[in-house]
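Subject: Structure handover

Hello,

Here is the structure I promised. Please open it first, then read my notes below.

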Amino acid sequence: MAVILLAAMAAETSGFGRFFRLGRERRAGELRYRVGGFEGTALLVGTCGIGKDKAAGATETLLTPGRLSELLAPPQAIVSFGVAGALGPGYQLHEFVLCQSIGDEAGGRVDSDPRLAAAARESLDATSYLWREATSLTVNRVIGSPIEKAALHRETGAGIVEMESFEIGRVAAQNRVPSLTLRAISDLDETPLPDFSKFMVENRVDRSKLAIHLVKHPRDGARLAHFLAVTRTAATRFVRVFEELIPRIGNLSP
């Protein structure tokens with residue numbers, strides 16, 4: 001059996017190769033992935049790109065039998081992970097969030113598999129990291145305004161927001177593969193982020209647009225650097241969580 005770990009950005013998986021004996025990076029469309037193993041469990045670590053469409057496409061590729069010859073064992077679980085923004089008050093930077101439920105703006109809902117969620121609770125408790133359970137909302141744009149964050153929290157009840165997990169869970173459910181969503185807080189409810197729409201095209205950073213934006217809004221350079229630093233710290237902490245979680249998933253009965 002195999003466990004798939006899927007994030008949006010390479011910064012969210014930085015350093016994983018040193019700990020999980022991952023091989024060279026391979027590509028399948030937007031999906032970038034490396035295969036390895038940990039404690040007797042086959043492992044695939046992938047990045048799908050930012051946004052719902054890319055997340056759905058990558059998950060379809062991962063879970064369609066025969067699409068990836070390197071994934072020799074059938075997937076036992078897929079874990080959606082990465083950073084997320086806080087919509088509600090009281091969160092702390094780097095705090096982990098176990099998402100039992102993930103919604104989207106159309107009113108859809110998917111749930112983390114109960115056995116995977118139980119394994120995640122044990123794993124998080126085994127670390128020294130702060131964590132809680134909350135509902136996540138998947139959207140297809142960066143929510144950077146504190147006013148918009150508060151409005152989404154009131155309207156949906158979601159505690160955090162991100163851009164991929166609902167689609168990963170939806171496609172996993174269609175393929176009858178258990179899924180789990182874990183996120184780490186990258187920005188607080190009162191923290192403004194740069195207006196990513198000014199320099200992102202189809203959920204990709206356009207470097208020329210970014211350069212122009214930073215000339216006009218130099219303070220956003222520090223905000224982006226802080227966001228990237230928090231994301232890289234989260235990646236290091238995810239390694240510690242997965243060191244606990246992967247063996248527990250591997251020990252689950254089929």
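In helix α5, Ser-165, Phe-166, Glu-167, Ile-168, Gly-169, Val-171 and Ala-172 are buried. Keep in mind that this is a predicted model. After α5 comes Arg-176. Its phi is positive, near 60°.

Next, the cores.

The largest nonpolar core has 33 residues. Those with the most contacts inside it are Leu-5, Phe-16, Phe-20, Leu-182, Phe-238 and Phe-242. Several elements give two or more residues to this core: strands β1 (2-7), β4 (41-47), β5 (75-86), β6 (96-99) and β12, and helices α1 (16-20), α3 (114-125) and α7 (219-250). The most comes from α7, with 10 residues. A separate core has 14 residues. Ile-4, Tyr-33, Ala-172 and Val-177 are among them. Ala-172 is also one of the buried residues of α5.

What does Leu-182 touch, leaving out residues up to four places away in sequence? Its partners are Ser-80, Phe-81, Gly-82, Val-97, Leu-98, Ala-120, Leu-124, Phe-238, Val-241, Phe-242 and Leu-245. Of these, Phe-238 and Phe-242 are also listed with the most contacts inside the largest core.

Now Asp-187.

This residue is found in strand β12, which covers residues 179-187. Is Asp-187 buried or exposed? It counts as buried, because its relative accessibility is 5% and the cut-off is under 20%. Its side chain makes two polar contacts that are worth a look in the viewer. One joins it to the side chain of Lys-149, at 2.7 Å. Another is with the side chain of Ser-186, at 2.9 Å. Beyond four places in sequence, Asp-187 touches Ala-84, Gly-85, Ala-86, Leu-93, Lys-149, Leu-193 and Phe-227.

Last, a pocket.

The second largest pocket holds about 200 Å³ of space. It is lined by 14 residues. Val-142, Gly-144, Asp-195, Phe-196 and Ser-197 lie nearest its centre. How does the lining divide into nonpolar, polar and charged residues? There are 6 nonpolar, 5 polar and 3 charged.

Best regards

How values were computed. Residues are numbered from 1 along each chain as its sequence is written. This is a predicted model: local features need pLDDT of at least 70, side-chain atom pairs count only at pLDDT 80 or more; totals for chains, interfaces and linings use all residues. Side-chain values use heavy atoms; hydrogens and water are left out. On a 1 Å grid over the protein atoms alone, a cavity is a set of points where a 1.4 Å probe fits but cannot get out, and a pocket is an open set with protein on both sides within 12 Å along at least five of seven lines; lining residues have an atom within 4 Å of a point. Grid points are joined across faces, edges and corners, and a volume is the space filled by probe spheres set on the points. Ala, Val, Leu, Ile, Met, Phe, Trp, Tyr, Cys and Pro count as nonpolar, Asp, Glu, Lys and Arg as charged, and the others, Gly among them, as polar. Helices (H or I, at least four residues) and strands (E, at least two) are DSSP runs, numbered from the N terminus. Buried means under 20% relative accessible area, exposed over 50%, partly exposed in between (1.4 Å probe, protein chains only). A polar contact is a pair of N or O atoms within 3.5 Å; within protein, one must be able to donate a hydrogen and the other to accept it, and residues adjacent in sequence count only if both atoms are side-chain atoms. Contact means heavy atoms within 4.5 Å. A nonpolar core is a set of buried Ala, Val, Leu, Ile, Met, Phe, Trp, Tyr and Cys residues joined through side-chain atoms within 4.5 Å.
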